[in-house]
Structure formats: structure tokens, C-alpha cells
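Hi,

Here is the structure I promised to pass on.

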Amino acid sequence: MKSMLAVLFLTTIATSAQADWKLNLQDSNFNFASIKKNSVYEAHTFKSIKGTINNSGEAVVELDLNSVSTGIEIRDQRMKELLFNTLSFPAAQYRLNIDPLSINTLKAGQRLQINVQGILSLFGTDKVLSASLNVFKLTDKRIQVSTAKPIVIKAADFGLEKGVEALREIANLAVISHSVPVNFSLIFEQL
């Protein structure tokens with residue numbers, strides 16, 4: 001009887017360890033900032049994000065670039081058209097691998113800081129991008145993945161310089177920064 005209970009227990013653990021994780025959009029946030037006129041900081045977000053972590057640790061986060069939200073409708077439209085060219089490039093995607101065992105062995109309330117390298121696909125360009133992340137185990141079926149420090153995206157790395165300049169000209173600004181810090185707090189739930 002004891003051996004049968006042990007097998008059942010180990011099977012339950014193995015099954016839960018192998019389950020995929022899916023992003024809970026409602027409880028997540030993704031922010032980036034722009035700096036204009038050398039000192040005016042403005043925070044922006046995307047309203048539509050998808051994300052998964054599969055049982056082998058392959059993680060994918062996808063941003064719908066048409067869901068950019070800056071708080072100003074005309075600026076949202078200009079970013080879609082002039083910067084992101086969402087007709088040709090509607091999404092950005094970040095792909096990376098996370099050790100699934102490190103997530104599954106965390107107990108609720110524990111945190112793991114990891115340094116990862118993933119591939120950011122943006123504006124038709126793929127680039128390796130490093131990130132320092134915190135993984136918090138909130139419950140047995142819920143984790144939070146957040147930036148431990150901002151990730152800096154440089155326009156020149158993705159061919160976005162002309163788009164930034166187009167935005168600067170149409171807004172009649174002297175300067176718009178060509179680098180933006182990105183922060184996020186993403187909640188994943190085990191399926």
C-alpha cells in the first residue's frame with residue numbers, strides 16, 4: 001500500500017513538473033519609456049501580450065505592437081505607422097530558455113534570480129539580448145517573472161533609427177532618445 005501511494009505521489013509531482021505555463025495578461029504589465037527633450041520621461045505600455053513557458057523551459061513572450069498605449073491616441077498611431085510599421089511587422093517576440101527544474105523546485109514565496117540570453121525579434125531583425133530576471137513562486141500554480149533591472153533596447157540594433165527620427169520630426173522635437181528601458185512583471189499560471 002505504501003509503495004502504491006509513493007508511486008501515485010511521484011506521478012503527481014512528475015505530472016505537475018511537466019505542465020506548461022501560460023501568461024495571465026490581466027495580472028501582468030509590460031512598460032517601456034521614452035525620453036524627449038533630454039529630460040522628459042514618458043512611460044508607455046502594450047495592452048496585448050501573449051506568453052508561454054513549456055515543460056522543457058522554452059519561454060516565448062509576444063507583444064502585439066498595434067496595442068501600444070502611450071496615453072495619447074495620435075502618438076499611438078504615429079508609433080504604429082512611423083516607428084514599428086505594424087502593417088509589415090505587427091509583433092515583437094522574445095524567446096529564451098529557462099531551466100524548468102529550477103522553477104519547479106521553488107517553494108511558494110521563494111525567489112530565484114537568473115541571467116538569461118534570449119532572442120528578440122523586432123522589425124524584421126533577430127538579436128541576442130541579455131536579461132536579468134527575478135522568478136517568484138507565488139503559489140504552486142502561479143509564478144511571477146520580472147526584470148531585476150531594466151533591459152535597454154537600442155533603436156540602431158533593430159533598424160528603427162529612421163522611425164525614431166520620423167517621430168521626432170513630426171512632433172517638432174529637438175531630441176528623442178534612441179534607447180529605451182523596458183521593465184515588466186509577468187504572471188504565468190500552470191495549465
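Let me start with Asn 172, which counts as exposed at 70% relative accessibility (exposed means over 50% relative accessible area, buried under 20%, and partly exposed in between, with a 1.4 Å probe and protein chains only). Asn 172 sits in the loop between helix 4 (161-170) and strand 12. Its phi is positive, near 55 degrees, and the residue is not a glycine.

Before going on, a word on where this comes from: it is a predicted model, where local features need pLDDT of at least 70 and side-chain atom pairs count only at pLDDT 80 or more, while totals for chains, interfaces and linings use all residues. Residues are numbered from 1 along each chain as its sequence is written, and side-chain values use heavy atoms, with hydrogens and water left out.

Phe 123 also has a positive phi, about 55 degrees, without being a glycine. Phe 123 lies in the loop between strand 8 and strand 9 and is partly exposed, with a relative accessible area of 23%.

Now the overall picture. The chain has 4 helices and 12 strands (these are DSSP runs numbered from the N terminus: helices are H or I with at least four residues, strands are E with at least two). Its C-alpha trace spans about 75 × 30 × 30 Å along the principal axes. Of the 191 residues, 39% count as buried. If you take contacts between residues at least 6 apart in sequence, 62% of them join residues at least 24 apart (a contact means heavy atoms within 4.5 Å).

The strands around that Phe 123 turn are worth a look. Strand 8 (residues 111-122) pairs with strand 9 (residues 125-139) in the antiparallel sense over 12 bridges (two strands pair if DSSP finds at least two bridges between them). They form a hairpin with 2 residues between them, and Leu 120 has Lys 127 in strand 9 as its bridge partner. Strand 9 then runs into strand 10 (residues 142-147), and a hairpin of 2 residues joins them. That pairing is antiparallel too, over 6 bridges, and Leu 133 is bridged to Thr 147 in strand 10.

Which residues have the most contacts inside the largest nonpolar core? They are Phe 46, Leu 122, Leu 133, Ile 153, Phe 184 and Phe 188, in a core of 45 residues. The largest share of this core, 5 residues, comes from strand 12 (residues 179-190). By nonpolar core I mean a set of buried Ala, Val, Leu, Ile, Met, Phe, Trp, Tyr and Cys residues joined through side-chain atoms within 4.5 Å. Not counting residues up to four places away in sequence, Leu 133 touches a list of residues including Leu 96, Leu 112, Val 145 and Phe 184.

Last one: Ala 19, in the loop between helix 1 (2-17) and strand 1 (21-23). Is Ala 19 buried or exposed? Ala 19 is buried, with a relative accessible area of 15%. Leaving aside neighbours within four places in sequence, Ala 19 is in contact with Asn 55, Gln 190 and Leu 191. The C-alpha atoms of Ala 19 and Ser 56, 37 residues apart along the chain, are separated by 9.3 Å.

Cheers
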